[in-house]
Amino acid sequence: QVQLVESGGGLVQAGDSLRLSCAASGLTFSIYSMGWFRQAPGKERESVAAISRTGGSTYYADSLKGRFTISRDNAKNTVYLQMNSLKPEDTAVYYCAADLSIRPPANWPPPRNEYDYWGPGTQVTVSS
């Protein structure tokens, strides 16, 4: 069975850094594009970052460019999200997701509703 499991969340202070990991199993990891999303209480789920099969293409939400970095290690079936200079408004549940679709330039990044698998999420809380 397909599983995505996030880890690395926790409680930190503003200005700190965290690295989230998402370990995949039950699928051929290297043929999936991967993404990170987040959802804060009372807010809609929003796209954070995405990375293509080989890591050659990435996407970041405009407000997060320069602070967050997505990467992947296909040999470990794992995608990462490095989060620096964290702010209280980054507090949310963070989810990873996998997309099997072929992604030419005109169809990048994957829309939220086209991801095939989702993890259960990990909580990130940033105090002021």
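**Close-up views: rings and charges**

**View 1. Tyr117 and its ring partner, Tyr32.** Tyr117 counts as partly exposed, at 31% relative accessibility. Please keep in mind that this is a predicted model. Searching the whole structure turns up 4 aromatic pairs. In one of them, Tyr32 and Tyr117 sit 6.2 Å apart, centre to centre, with 55 degrees between their planes, an arrangement called tilted. Tyr32 belongs to the loop between strand 3 (18-25) and strand 4 (33-39), while Tyr117 is in strand 10 (residues 117-118), so this pair ties together parts that are 85 residues apart in sequence. Is Tyr32 buried or exposed? With a relative accessible area of 7%, Tyr32 is buried, because buried means under 20%.

**View 2. The edge-to-face pair of Phe37 and Tyr115.** Here the ring centres of Phe37 and Tyr115 are 5.2 Å apart and the planes meet at 90 degrees, so the pair counts as edge-to-face. This pair also links distant parts of the chain: Phe37 is in strand 4 and Tyr115 is in the loop between strand 9 (92-99) and strand 10, 78 residues apart. Both Phe37 and Tyr115 are buried. Together with Trp118, Phe37 and Tyr115 make up one aromatic cluster.

**View 3. Arginine charges over aromatic rings.** Look for Arg45, whose charged end sits over the ring of Trp118, 4.2 Å from the ring centre. Now find Arg72: its charged end sits over the ring of Phe29, 4.5 Å from the centre of that ring.

**View 4. Arg112 and Glu44 meet in a salt bridge.** The whole structure contains 5 salt bridges. In this one, the side chains of Arg112 and Glu44 are 3.1 Å apart, N to O. Arg112 is partly exposed at 32% relative accessibility, whereas Glu44 is exposed at 58%.

**View 5. A salt bridge between exposed residues, Lys65 and Asp62.** The side chains of Lys65 and Asp62 meet at 3.5 Å, N to O. Relative accessibility is 52% for Lys65 and 66% for Asp62.

**View 6. The salt bridge of Asp90 and Arg67.** Which distance separates the side chains of Asp90 and Arg67, N to O? It is 2.8 Å. Asp90 comes from the loop between strand 8 (78-83) and strand 9, and Arg67 from the loop between strand 6 (58-60) and strand 7 (68-73), 23 residues apart. Asp90 and Arg67 are both buried. Salt bridges link Arg38, Glu46, Arg67 and Asp90 in a network.

Key: Residues numbered from 1 in each chain as written. Predicted model: local features only at pLDDT ≥ 70, side-chain atom pairs only at ≥ 80, totals over all residues. Heavy atoms only, no water. Phe/Tyr/Trp six-rings, centres within 6.5 Å; stacked < 30°, edge-to-face > 60°. Helix = DSSP H or I, 4+ residues; strand = E, 2+ residues; numbered from the N terminus. Buried < 20%, exposed > 50% of the residue type's maximum accessible area, 1.4 Å probe, protein only. Lys NZ or Arg CZ within 6 Å of the ring centre and 35° of its normal. Salt bridge = Lys/Arg side-chain N within 4 Å of Asp/Glu carboxyl O.
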